Amino acid sequence: MNRDQLQKFVQYLITVHHTEVLPTAQKLADEILSQNSEINQVHGAPDPTAGASIDDENCWHLDEEQVQEQVKLFLSQGGYHGSGKQLNLLFAKVREMLKMRDSNGARMLTLITEQFMADPRLSLWRQQGTAMTDKYRQLWDELGALWMCIVLNPHCKLEQKASWLKQLKKWNSVDVCPWEDGNHGSELPNLTNALPQGANVNQDSSNRPHRTVFTRAIEACDLHWQDSHLQHIISSDLYTNYCYHDDTENSLFDSRGWPLWHEHVPTACARVDALRSHGYPREALRLAIAIVNTLRRQQQKQLDMFRTQKKELPHKSITLITNLEGWVGHPLDPVGTLFSSLMEACHMDDESFPGFSNFTENMGQCKSLEYQHLPAHKFLEEGESYLTLAVEVALIGLGQQRIMPDGLYTQEKVCRNEEQLISKLQEIELDDTLVKIFRKQAVFLLEAGPYSGLGEIIHRESVPMHTFAKYLFTSLLPHDAELAYKIALRAMRLLVLESAAPAGDLTRPHHIASVVPNRYPRWFTLSHIESQQCELASTMLTAAKGDVRRLETVLESIQKNIHSSSHIFKLAQDAFKIATLMDTLPDITLLKVSLELGLQVMRMTLSTLNWRRREMVRWLVTCATEVGVYALDSIMQSWFTLFTPTEATSIVATTVMSNSTISRKSWPAVPGHSHCSVP
């Protein structure tokens, strides 16, 4: 502005807001007219548009009323019109504010939370016993995770934390506040309560105090960052102690002198997330590396311990050690946090990792956005990188033996998070270095007993490993087929559907166990789990084509572990399709596998109702026809174990004596004669 414009601007400002600014304007005018005033001792004047200085805490204007109205509007739309996406954008804005260390971030989250708590649907769902939608439930999860980040701000003042704690406790005490593990009592508790030793563990879930989405943030208010060991870890790349020889379980350094951080794993990872969220990426990376090194050390100690126990007690089954709190599907997503932190460090684009340049100043500038094996950091073995560390911690988390949680939502979350993590792993191209990591973890999974979800002996209600094993199988198959099949075959079991035989009893016959339904635990995702088991079996059948020994092993595993006639029928059809591809000669071994599975389906469905029974019978005859005359003859000789008399004289006889079947096998057509004679 020129002088005239500036004068007009000031005059209008005073005129419009005369009651608010006139006293201040008069005071400033008096000071300007006084030769000895402080204003006249300084050249120039402050610029109100320049913002805060670089050392000041950022605190911009927050239109609270607009935030409240937006959240209220999005919630009222009930997930329609992209409202969920808009709410996620608001959460992303909060994270952005935290990263810029804007003090309004906590205030904005408070406003959002107040609107969520005032949502009238909460009371309605509570009264009706209705579950909230999955997408809406995920928004509450993000709300709880953001409050964890807020209260774990390493530089927040005590009075701030006290204020947040008071507000969190107020929300936590509201009757309709959502529970962390599901929706207000609409889901039945686990009916078996068959958890490892201890009365406190076997306590009925309905009697335990329920944790809300704010409980972890309330507990996190007791955490602090004053621990000197923790301060050294996050503040220095050179923190080592090569003279440290305390090799106990909770030692501060490992045998190499590298720092370790022993803390409840989800809590430790929440610290990493808080550091990242508040704009401290280098500190977050240092702590993440210390946590992963601690996990790897614990893993090796567990393997050594189990091998020792196995030698000392060779005939005793050890099934008591497992994790009641799994890391995959956990509300704080510890494995996902570590994986993301390390993968961010793999990006060679400095802009995508602010503050990371100090770690890589000797590497030059490279703008490739592909994941790279960066030069070894101070606390990585030779040949290791942030990428290998990220992959390894993902494999450790996915392979952890843990109890299936109670409730539909938490069980679906376990499946969803597992699939999300595997999807991220699939984006990474395996090289020789990563294949070594896969081999190392595969060996641990097979040999670590109760510490591994693929150990020889696991708890009956452990989370199944089918999805993870399928990924391991396809990844390892080109490099180590023997190890790949060991992993996949071990993962095929589904103990929760088997009888109450001792877990160490390996002499069970391969018949289908009769299980009383009311003895099942409440596995709401069982149909999904069985379909994943079927997918794993199908993947092995496809890979084993042409290999007689492996096909026999896979067939035996299917017959022993799969309890659904529909899934076995699907596998029989899959094997038949693979064996009779048009561009190759039929694979007779795979055809026989298909036939064996079809025969098992016939026996399983003979005395039970199945709406696909007619289709199954017709298909079996077609499959036997493809295998050969001897297969058809065998079926007809033992027809009474496979078919009802009506089926044998109608569907089977008609299909066997059809012109297409006779022409394919060159049988003489004998009018009115059936090979399936029924007494």
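Is Trp639 buried or exposed?

A: Keep in mind that this is a predicted model. Trp639 counts as buried because its relative accessible area is 11%, and the cut-off for buried is under 20%. The rings of Trp639 and Phe640 make an edge-to-face pair, with 6.0 Å from centre to centre and 85° between the planes.

Now for the wider picture. Searching the whole structure turns up 14 aromatic pairs. One of them joins Phe569 and Trp619, again edge-to-face, with the centres 5.6 Å apart and the planes at 90°. Phe569 belongs to helix α22 (residues 565–579) and Trp619 to helix α24 (residues 613–627), so this pair ties together parts that sit 50 residues apart in sequence. Both Phe569 and Trp619 are buried.

Some rings go beyond simple pairs. Phe91, Phe116, Trp125, Tyr136, Trp140, Trp147, Trp171 and Phe214 are linked by ring pairs into a cluster.

Arg137 has its charged end over the ring of Tyr409, 4.8 Å from the ring centre. Likewise, the charged end of Arg271 sits over the ring of Trp225, this time 4.9 Å from the centre.

How values were computed: Residues are numbered from 1 along each chain as its sequence is written. This is a predicted model: local features need pLDDT of at least 70, side-chain atom pairs count only at pLDDT 80 or more; totals for chains, interfaces and linings use all residues. Side-chain values use heavy atoms; hydrogens and water are left out. Rings of Phe, Tyr and Trp (its six-membered ring) pair if their centres lie within 6.5 Å; planes under 30 degrees apart count as stacked, over 60 as edge-to-face and the rest as tilted. Helices (H or I, at least four residues) and strands (E, at least two) are DSSP runs, numbered from the N terminus. Buried means under 20% relative accessible area, exposed over 50%, partly exposed in between (1.4 Å probe, protein chains only). A charge sits over a ring if NZ of Lys or CZ of Arg is within 6 Å of the ring centre and within 35 degrees of the ring normal.
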